[in-house]
Amino acid sequence: MDNLENWKNSRVLITGVCGTVGQEILSQIVQLGAKEVLGVDNNESELFFLSQTYREYPNVRVTLGDLRDLSKLTRIMEGIDIVLHSAALKHVILCEESPRDAVQTNILGVQNIIDAARANNVKRVIFTSSDKAVNPTNVMGTSKLMGERLMTAANANQRTAETIFASTRFGNVLGSRGSVIPLFKRQIASGGPVTLTDPRMTRFIMTIEQAANLVINSVFLAKGGEVFVTKMPVAGIEDLAHVMVDVLSPIYGHTVQDIDITEIGSKAGEKLYEELMSDEETRRTIELSSYFAVLPAFRSVYQEIEYEYPDMTSGIGVDNPYNSAVEQIMSREELKKFLLDHDLLELNSANTG
């Protein structure tokens, strides 16, 4: 049975369905023709609007729910085959200021997802993690790392192989509500200044579509306990600011010279670079054509898992960690083309707004 047939025979639960990535996952899963898609979120207003968007789709339902409510999660997972877990607290500064909430949602919430999935014999659970989980320096990254480890342990400790648990690790999803693009865009529209934390800062970047693709493609690729990482380009934050000023300032009635770029310094817990794979992980990583599969350090206790994938380009082990400080940075022209090709600046709405 191919993957398309697998989707058509599956009932899918998406957590955090009102988020930018959650909505894109929903859109793509609907196009794949899943038997049923259930979206859960605790954002009441956005959930209502989403229900109106999909009111003509009999196989799509949305419901209120919270990761902290195990009994609700257990109830809504009845009959579910696949869980795509994208709900989380993702803002670095807010998690730094409210670590208790980050623990309750990003760690205990993941354990609730695991427990509810086990109770209902869900076939596959995919957790969405972050590059900030690699050698974390902040609460958000630490909580995401714990989420990954909980997923790996859940897979390793099963006596019967009922559920496959795996993770995906994102870079910065450009165009999402939490990304820097909407901030820079607002600042340019109002005449500046554009606030730059540190000109030396580099980031892995991906589109919303690529983030959703990573989650969806990982579902039937996963053997259990891995972390899948998309190969993606690296951008300098200063280059992003300059490119956006160049492109957007005339659209908003300004000249490039009108818009100042002001350095404000790094925020608490922020790195100058990001990592998608640590040095330690290179020894247990398999390279695929479009992804890396980081195999679990803590292998299964009760079963032997064969980590073989259809498009492997290497055996176990890669030469270098995946670090934005050492990867080739996109030129400003390459970055501009990336932004325009993927319509990340939403130029049509900029013209009419």
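**Close-up views of a predicted model**

**View 1. Surroundings of Lys132.** Lys132 is buried (under 20% relative accessible area, with exposed meaning over 50% and partly exposed in between; 1.4 Å probe, protein chains only), its relative accessible area being 15%. The model is predicted, so local features need pLDDT of at least 70 and side-chain atom pairs count only at pLDDT 80 or more, while totals for chains, interfaces and linings use all residues. Residues are numbered from 1 along each chain as its sequence is written, and side-chain values use heavy atoms, without hydrogens or water. Not counting residues up to four places away in sequence, Lys132 is in contact (heavy atoms within 4.5 Å) with Val92, Asn138, Met140, Gly141, Asn172 and Glu274.

**View 2. The largest nonpolar core.** Such a core is a set of buried Ala, Val, Leu, Ile, Met, Phe, Trp, Tyr and Cys residues joined through side-chain atoms within 4.5 Å. Among its 53 residues, Leu26, Ile29, Leu84 and Tyr309 touch the most other members. Helix α9 (residues 208-219) gives the most to this core, with seven residues. Leu26 touches Ile14, Val17, Val37, Leu50, Tyr54 and Val60, not counting residues up to four places away in sequence. A second, separate core has 24 residues, including Ile181, Leu248, Met330 and Leu335.

Definitions and conventions: Helix = DSSP H or I, 4+ residues; strand = E, 2+ residues; numbered from the N terminus.
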